[in-house]
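Subject: Structure for your review

Dear colleague,

Please find below the structure that I am handing over to you. My notes on it follow directly after.

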Amino acid sequence: MTSPTQLTLKECKKRGWTAFICEKWNPHAKRRIDAFGFGDLLVIDPETKRIILIQTTTSGHLPDRMRKAAKIEAFETWLIAGGHVAFWGWSKKKRKTKSGAWTKKGFWTLREEWVAPPERRENGWVRSSASS
């Protein structure tokens with residue numbers, strides 16, 4: 001299975017972004033540790049000159065990750081400091097062949113939820129977009 005982190009790295013590369021995995025495994029606690037409690041990847045978008053922390057997961061867990069991040073003090077601090085946050089949820093969709101049969105191998109679709117720094121927010125807290 002392809003992990004959401006690997007799918008996100010591939011998408012970042014496709015967009016021309018520089019990405020670094022900042023989520024780490026803590027073997028003593030036996031759990032993953034995110035940057036500031038909410039970031040899996042640190043990304044530089046040279047075109048828009050944005051520094052972005054991306055929380056990546058499956059689409060079904062996206063609302064949970066967003067609620068969790070909103071409760072973390074460092075989340076708002078990151079935004080006030082000018083950082084951007086993206087929540088990316090991946091889901092696998094099946095593909096139909098020409099004969100109408102469903103294939104076992106599907107394709108991945110991406111749902112994006114963005115949070116901009118306070119002075120750059122459009123119509124409130126989140127700007128949503130989707131791509132595949």
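The lining of the largest pocket comprises two nonpolar, seven polar and seven charged residues. In this classification, Ala, Val, Leu, Ile, Met, Phe, Trp, Tyr, Cys and Pro count as nonpolar, Asp, Glu, Lys and Arg as charged, and the others, Gly among them, as polar. Please note that this is a predicted model, in which local features need pLDDT of at least 70 and side-chain atom pairs count only at pLDDT 80 or more, while totals for chains, interfaces and linings use all residues. Residues are numbered from 1 along each chain as its sequence is written, and side-chain values use heavy atoms, with hydrogens and water left out.

The largest pocket is lined by 16 residues, and Glu23, Arg32, Asp34, Asp40 and Gln55 are those nearest its centre. A pocket here is an open set of points on a 1 Å grid over the protein atoms alone, where a 1.4 Å probe fits, with protein on both sides within 12 Å along at least five of seven lines; lining residues have an atom within 4 Å of a point. Its volume is about 310 Å³, taken as the space filled by probe spheres set on the points, which are joined across faces, edges and corners. Strand E5 (50-58) gives the most to this lining, with four residues.

The protein chain has three helices and eight strands, these being DSSP runs numbered from the N terminus (helices H or I, at least four residues; strands E, at least two). Their order from the N terminus is α-β-β-β-β-β-α-α-β-β-β. Of the 132 residues, 36% are buried, that is, under 20% relative accessible area with a 1.4 Å probe, protein chains only.

Five aromatic pairs were found in the whole structure. Rings of Phe, Tyr and Trp (its six-membered ring) pair if their centres lie within 6.5 Å; planes under 30 degrees apart are stacked, over 60 edge-to-face and the rest tilted. The rings of Trp17 and Trp88 have centres 6.1 Å apart and planes at 40 degrees, so this pair is tilted. Trp17 lies in the loop between helix H1 (4-14) and strand E1 (18-21) and Trp88 in strand E6 (residues 84-93), so the pair ties together parts 71 residues apart in sequence. Both Trp17 and Trp88 are buried.

Phe36 and Trp78 form a tilted pair as well, because their ring centres are 5.8 Å apart and their planes stand at 40 degrees. Phe36, Phe38, Phe75, Trp78 and Phe87 form one aromatic cluster.

Yours sincerely

Notes: Buried means under 20% relative accessible area, exposed over 50%, partly exposed in between (1.4 Å probe, protein chains only).
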